[in-house]
Amino acid sequence: MTQRAGNLPDLGETALGIELGSTTIKACLIGPDHATVATGSHLWENELVDGLWTYSLEAVWAGVQGAVAALGDEVERRYGTRPTTFGSIGVSAMMHGYLAFDEAGELLVPFRTWRNTNTAVAAAELSEIFGTNIPLRWSVAHLYQAILDDEPHLPKIASLTTLAGYVHRALTGNHVLGVGDASGVFPIDPATGTYDQRMLEQLGHLAAAKRPGLRVEGLLPQVLPAGADAGRLTPDGAALLDPTGTLQPGIPLCPPEGDAGTGMVATNSVAKRTGNVSAGTSIFAMVVLEAPLATVHHAIDIVTTPAGDPVAMVHCNNGASELDAWAGVFGEFAAALGHPCEPDAVFGALLTAALKGSPDGGGLLAYNYLAGEPITGLDEGRPLFVRTPGSRLDLAGFARAQVYGVFGTLALGMRVLADQGVEIDAMFAHGGLFRTAGVAQRLLAAAIGAPVAVGRTAGEGGAWGIAVLAAYARAAEAEGDLSLSAYLAERVFGDIDLEVVEPDAADLAGFRTYLERYEAGLDIERAAVASLAPSADTTDIADSARDAEEGDQ
């Protein structure tokens, strides 16, 4: 939604959304019409500590407080008053990962994010036992890997959760998760709307054999659907959000969700046969299923919407960060020539140039692998730009190859869904990559072979999406029988115009050729991983201006 104008709405009718993405923590305040009233943000980056990607809890709270304070500053600047309350609050964050706590609530090991790929043995074993795909980044894979490795913190573990679940519990005291976020912790039974009991028992037997006395089920957060009561802001929670003491306790919170779920809300893609693509530091597609998939595949996760409906998820660890890094290089070059440009202008120029490139990339290849990529079987990544001697190196071809590179691994996963007969009526795209009209949208349509829709909410991201979920929880409490899909379709997106781009025939054929070269060239990527050690100062590329989540996972 575009930012609203006019008077500040009654604060009791507003909703505050907070999302912790991979490069940016964002706060978004919406009014009763779901239009944005104010925003705030705080940049942060993950760290590679002892071989694992992490963020410190101190950085979590510095970022949350910074984003909320920036939002309060904007409200005060525009309306002359600082918020003391909100109608409701929601917290979202990068899905998956591992936050393990003892009985006193102390973190036992540094937060292990979705980006880590050290859980291959655990994920493979659980996938075989459960008969469903357990990705490397899921919380249960991290837990079981710790059990297999006999990590010393296990005797003290009393609970585990995701980043959104951790922040929510600190604000309310409630150890809960929205079902969408919970579906990246442990498989969900769609019939019960909570963890699959058969698989829990199987995991319990495995854990007991290797770690007697460890009760896995007792560690996991309670699962809640969208619209459920998830607690209220405590005095300690209010002080965490706003150390100045201006914000008052007692505000209701909706169930905490993951960035995949908020992306679905932000694009109105929670109904069957709809889907969305979220592009940020990672890139992933979500397709709401009509029926279970015929076979299990390592490239496809089965998660849920915030309402609990099954979703096929194609998640790629690497998204737009490498493209963003190249935009930074071109920005530096422009500045060196005496023509400094805003980052968005540089990025827009690159995207626009991509439309003029050869439909098949002209013999140029780009791999955006800053991290490992499970879909293509790589535990580590090495960003590469490769071309044949006879290829033409110009800006248009380079830009198109880089954009194709963002979509390459995603296209491989979407091909699996197509082979299983999954049909999509509408695919929505969101994230900053789609702010330049008609470019990434058109090339994504070629990559997935389906129409792609972009609306005014394309750049809003997950902070707006979780604010909408917070508003929905308040409405559901007041009105009773109100489904999330009806709420979104009728009250949030009823008057939003969408721009739909059909796949272009030349782009379809060109991307097909590019993808064949991309698959064949993965051997180059594997050789680079084997021969080139990562930098000792490996940090995530800050792409906050274009982060979808963001979090982005």
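Predicted model: local features only at pLDDT ≥ 70, side-chain atom pairs only at ≥ 80, totals over all residues.
Helices (H or I, at least four residues) and strands (E, at least two) are DSSP runs, numbered from the N terminus.

Residues are numbered from 1 along each chain as its sequence is written, and side-chain values use heavy atoms, with hydrogens and water left out.

Let's begin with one serine. S183 sits in the loop between α5 (179–182) and β10 (188–189). Is S183 buried or exposed? Its relative accessibility is 1%, so S183 counts as buried; buried means under 20% relative accessible area, exposed over 50%, and partly exposed in between, using a 1.4 Å probe and protein chains only. Among the residues that S183 touches are M95, W138 and I302, leaving out residues up to four places away in sequence; contact here means heavy atoms within 4.5 Å. A polar atom of the S183 side chain also lies 2.6 Å from the backbone oxygen of G180.

Most residues other than glycine have a negative phi. D50, though not a glycine, has a positive phi of about 55°, and H96, also not a glycine, has one of about 70°. D50 is in the loop between β4 (47–49) and β5 (52–54), and H96 is in the loop between β6 (88–93) and β7 (99–101). D50 is exposed, at 78% relative accessible area, whereas H96 counts as buried at 1%.

Now the sheet. Five strands form an open sheet in the order β3-β2-β1-β6-β13, with mixed pairing; two strands pair if DSSP finds at least two bridges between them. At the edges are β3 (36–43) and β13 (257–258), each pairing on one side only. Helix α1 (residues 57–79) packs on this sheet and touches β1, β2 and β3. Strands β1 (residues 15–20) and β2 (residues 24–30) run antiparallel and are joined by six bridges, with L20 opposite I25 in β2.

Last stop, helix α14 (residues 484–492). Which of its residues are buried? They are L484, Y487, L488 and V492. Down the axis of α14, these buried residues fall within an arc of 95°, so they line one face of the helix; the arc is that of the directions from the helix axis to the C-beta atoms. Their cover includes α8 (259–266) and α13 (462–479).

Note on methods:
Polar contact = N/O pair within 3.5 Å; in protein donor to acceptor, adjacent residues only side chain to side chain. Axes fitted to C-alpha atoms, helices over the stretch in contact; angles between N-to-C directions.
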